[in-house]
Amino acid sequence: MDMSSGNLNWSVCLSFSVIVNLICIMLIFSNKHTEKLNWTREAAIAAENVASTSCSGHGRAYLDGLITENGRPICECNACYTGPDCSVIVPNCAVDADSGNPMFLEPFWKQNAGSSSIMVAGWHRMGYEFEDGSLISKQLENVIHKLHETVGNANTSNKYILFGSGSTQLLNAAVYALSHTTYSSSSSTKVVASAPYYPVYKSQTELLDSKKYKFSGHTSSWRNKTRNDKFIEFVTCPNNPDGRLNKAVLHGKFTRHIYDLAYYWPHYTPIPAPMDEDLMLFTLSKLTGHAGSRFGWAIVKDKAVYDKMVEYVDLNTYGVPRETQLRALKLLNVVVRGDKKEMFRFAHTVMRSRWEKLTEILSTSKRFSMEQLPSQHCAFSKQVRPPSPAFAWLKCEADEDKDCFNVLRAANIIGRKGAVFGVENRYVRLSIVNSRDDFDLLQQRLQDLVSKDRSIVQAVTSL
C-alpha cells in the first residue's frame with residue numbers, strides 16, 4: 001500500500017469517527033431534551049384524547065369533565081341534546097335564550113386550537129405575586145394597551161389598568177372607590193342607572209349593603225335633583241339589554257360615572273370613536289367568549305380612585321389567578337396577531353347573520369317588535385354598518401300580552417323578564433350569543449310562533 005492510499009484510509013476513518021461521535025453527542029442531548037419534555041408530552045396526549053372525543057357536533061368533552069369507569073371522557077351536551085355522543089335531540093325542549101353565555105365564538109377557537117392553547121406546568125407561578133411584587137402580568141397589561149389602540153374603542157394613554165375577576169368584581173370595586181375618594185360627607189351616595197339597566201348594578205349594590213352607597217333606581221328620577229346630592233351613575237354602552245349607545249344623564253357637581261363597556265367591540269356595535277372616560281370597564285367574556293375564565297379590566301384616570309380599587313380587589317381576592325392571566329395573555333395575543341382583525345371578522349359575520357335571520361322572522365309579525373338601532377360609521381372596519389347586539393330586546397305589542405315572558409314560555413322559549421331590568425314585563429331579553437344549536441332552535445321556535453300568529457290572523461280575517 002502506498003503512502004497516499006494510507007493517508008486516504010486514515011482520513012476516511014477519522015471522518016467516520018468524527019461523524020459517529022457527533023451523532024452520539026446529538027443522541028445524548030436529544031434524549032436529555034426528550035426526558036425534559038416528558039411532562040409536556042403526557043399533558044398533550046391527555047388533551048388530544050379529550051379533544052378527539054366525538055360528541056356529534058352538539059357537545060364537547062373537557063379535561064376536567066366526568067369520565068367513564070374505563071377512563072373515557074363523557075360528552076357534555078348542548079341544551080336540547082342528549083345521549084352518550086349528544087346525537088339525540090330532546091323533543092319539545094324549551095330553548096334557553098336567558099343566558100348570555102357567549103358560545104358563538106367557540107368555533108373560532110377550535111379553528112385556532114394550536115395558537116390559543118397553553119401548557120401549564122405544576123410549578124407555574126405558585127407564589128402570590130409576580131417577581132416585581134405586583135399582582136398583574138406586565139406583559140398582559142401591554143397587550144391590553146395594544147388591543148385598545150388596534151380596535152380604537154378606548155384611550156388608555158396616561159391611565160392605570162387594573163385586573164379583576166370578571167367585570168362583575170370591578171363594578172363594585174369602582175363604586176367602592178368612587179364613594180370613598182370623591183365624597184367627604186358621611187351621607188350615602190346614590191347609585192343609579194338608566195332603565196333598562198343591567199340587573200347586577202342593583203343586585204350587587206344591595207347585596208353588599210354598604211352605608212356609603214345605596215342603589216337608588218333610575219337616572220330619570222333624579223335628572224333635576226343633582227345640585228346637592230351625591231351620585232354614581234352606571235353608563236352602559238352598548239346597553240344591556242337593548243343595545244343602545246348610552247350616554248351619561250346626570251351631570252351634577254357631585255356626580256361620577258362608571259362606563260361599563262363590556263360590549264363596546266366591533267362584533268356588537270360600530271365603533272365611531274374611542275371612549276376617553278375617567279373610569280371604563282371591560283371583560284374578556286364578551287370580547288373572546290371566555291366567560292368561564294373570569295377576567296376583566298378597568299381603565300382608570302385618577303390615581304386615588306385606582307388605588308382604592310386595588311385595595312378592594314386585594315382585600316376581596318388578592319388579585320386574579322396567575323393561570324387566568326396566562327390564558328388571557330395567550331388569547332389576546334391571538335386577537336392582535338396578523339392584521340388584528342381575524343377574530344373580529346369571524347365574530348361580526350356570525351352576529352350579523354343571526355340578526356339578519358331574526359329580523360326577517362319578526363318583520364312579518366304585528367305581535368312582537370324589536371329595538372330599531374341606527375347604522376353608524378365604524379372606524380375599525382371603515383364601513384357604515386348596523387349594530388349586531390348580543391341581545392334582542394323584544395316587546396309584546398298586543399294589549400293582552402302584558403307578560404311577554406309567559407307568552408314566549410308557552411312557545412318553549414325562555415327569555416329574561418323586563419322587570420329584572422327595571423321596566424315592565426311587556427319586554428323580554430333574548431340572548432343571541434349562545435351556541436349555534438341554541439340559536440338555531442331559537443330561530444325555529446320564533447318562526448313557528450310568528451307563523452302560528454299569522455295563520456290565526458288570516459283565519460279571523462277570512463271570516
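Colleague: How many disulfides does the count come to?
Modeller: This is a predicted model. A disulfide here is a pair of cysteine sulfur atoms within 2.5 Å. By this rule, the count of disulfides comes to four.

Colleague: What is the pairing of the bonded cysteines, numbered in sequence order?
Modeller: The pairing covers the bonded cysteines of the protein, numbered in the order of the sequence. Written that way, the pairing is 1-2, 3-5, 4-6, 7-8.

Colleague: Which cysteine does a disulfide join to Cys55?
Modeller: The cut-off for a disulfide is a sulfur pair within 2.5 Å. For Cys55 the S to S distance in its disulfide is 2.1 Å. The cysteine joined to Cys55 is Cys75.

Colleague: How many residues apart are Cys55 and Cys75, and where do they lie?
Modeller: Cys55 lies in the loop between helix H2 (38–51) and strand S1 (59–60). Cys75 is in the loop between S1 and strand S2 (76–77). The pair links distant parts of the chain, and the separation is 20 residues.

Colleague: Is the link of Cys55 and Cys75 left-handed or right-handed?
Modeller: The angle about the S-S bond of Cys55 and Cys75 is -90°. Both cysteines are buried. The link of Cys55 and Cys75 is left-handed.

Colleague: Which parts does the pair of Cys80 and Cys93 tie together, and how far apart are they in sequence?
Modeller: A disulfide joins Cys80 to Cys93, with S to S at 2.0 Å. Cys80 lies in the loop between S2 and strand S3 (81–82), and Cys93 in the loop between strand S4 (88–89) and strand S5 (95–96). The pair therefore ties together parts whose separation in sequence is 13 residues.

Colleague: Is Cys93 buried or exposed?
Modeller: Buried means under 20% relative accessible area. Cys93 has 15% relative accessibility, so Cys93 counts as buried.

Colleague: Is the disulfide of Cys396 and Cys404 left-handed or right-handed?
Modeller: The sulfur atoms of Cys396 and Cys404 are 2.0 Å apart and form a disulfide. Cys396 is buried at a relative accessible area of 0%, and Cys404 counts as buried at 0% relative accessibility. The torsion about the S-S bond is about 70°, so the disulfide of Cys396 and Cys404 is right-handed.

Key
Residues numbered from 1 in each chain as written. Predicted model: local features only at pLDDT ≥ 70, side-chain atom pairs only at ≥ 80, totals over all residues. Heavy atoms only, no water. Helix = DSSP H or I, 4+ residues; strand = E, 2+ residues; numbered from the N terminus. Buried < 20%, exposed > 50% of the residue type's maximum accessible area, 1.4 Å probe, protein only.
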